[in-house]
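Thanks for coming. I will take a few side chains in turn, then stop for discussion.

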Amino acid sequence: MLADQLIRIIESRAEELTRGAVTILQSSSHTRSYHGLSPDRLHHWLFEVYHDLGLWLLKNTDQAIQARYDELGKQRCNEGIPLAEVLWALVLTKEHLRECIGTSMLANSALDLHREQEIYRLIGRFFDRAACYAAEAYDREASLHRDDPVVTITR
């Protein structure tokens, strides 16, 4: 099946994909706050995304995606990275993956093309959910900080 083949390609090229995505996130005008993050931390997060993507796509468990991206949303909020940049990072990561798939695979038949489109749909679904869960967690975390009581000094 082409979808399985594409997933194996993604997982086997996880290191290459990761290096490219780190470069993109640390140079894009949409992700300026990421320019100052440790390349090693970004590498670890992106490698996990690419290496485990096949499992997430095949098992299609919202709970696993939610748990991972809740953590990411909270973490990025606490790091002071604007939510828009968190979302751009996910978009750029997805686009990088799709570009690499497009250059790696050429559909030889209508069935192959259909399967390739299916993997694109699954990747889109994964990243859409990741973005929503990260944004929800980010907002929850930000509201906790807004709701902290303000200490006033009286004389």
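Start with E141, which is found in helix α6. This is a predicted model, so please hear every value as computed from predicted coordinates. Is E141 buried or exposed? E141 is buried, and yet E141 has no salt bridge. The nearest side chain of opposite charge is K74, and K74 is 5.6 Å away. A salt bridge here needs a side-chain nitrogen and a carboxyl oxygen within 4 Å. What does E141 touch, if we set aside the neighbours within four places in sequence? The contacts are K74, C77 and N78. K74 is therefore in contact with E141, with heavy atoms within 4.5 Å, but the two do not form a salt bridge.

Next, the aromatic rings. How many aromatic pairs are there? The count comes to two. One of them is Y69 with F126: the ring centres are 5.9 Å apart and the planes stand at 80°, so this pair is edge-to-face. The cut-off for that label is over 60 degrees. Where do the two partners sit? Y69 is in helix α4, residues 62-78, and F126 is in helix α6, residues 110-146. They are 57 residues apart, so the pair links distant parts of the chain. Y69 is buried, at a relative accessible area of 0%. F126 is buried as well, at 2%.

F126 also pairs with F127. Here the ring centres are 5.0 Å apart and the planes are at 90°, so this pair is edge-to-face too. Both F126 and F127 are buried. Taken together, Y69, F126 and F127 form one aromatic cluster.

Now charges over rings. The charged end of R76 sits over the ring of W45, at 5.9 Å from the ring centre. The limit on that distance is 6 Å. The charged end of R98 sits over the ring of Y120, and there the distance to the centre is 4.3 Å.

Last, the cysteines. How many disulfides does the model contain? The count is zero. Two cysteines can be described by their accessibility. C100 is buried, with a relative accessible area of 15%, because the threshold for buried is under 20%. C132 has 47% relative accessibility and counts as partly exposed, since exposed would require over 50%.

To recap: E141 is buried without a salt bridge, Y69, F126 and F127 make one aromatic cluster, and the disulfide count is zero. I will take questions now.

Technical notes
Residues are numbered from 1 along each chain as its sequence is written. This is a predicted model: local features need pLDDT of at least 70, side-chain atom pairs count only at pLDDT 80 or more; totals for chains, interfaces and linings use all residues. Side-chain values use heavy atoms; hydrogens and water are left out. Rings of Phe, Tyr and Trp (its six-membered ring) pair if their centres lie within 6.5 Å; planes under 30 degrees apart count as stacked, over 60 as edge-to-face and the rest as tilted. Helices (H or I, at least four residues) and strands (E, at least two) are DSSP runs, numbered from the N terminus. Buried means under 20% relative accessible area, exposed over 50%, partly exposed in between (1.4 Å probe, protein chains only). A charge sits over a ring if NZ of Lys or CZ of Arg is within 6 Å of the ring centre and within 35 degrees of the ring normal. Lys and Arg count as positive and Asp and Glu as negative; His and the chain ends are not counted. A disulfide is a pair of cysteine sulfur atoms within 2.5 Å.
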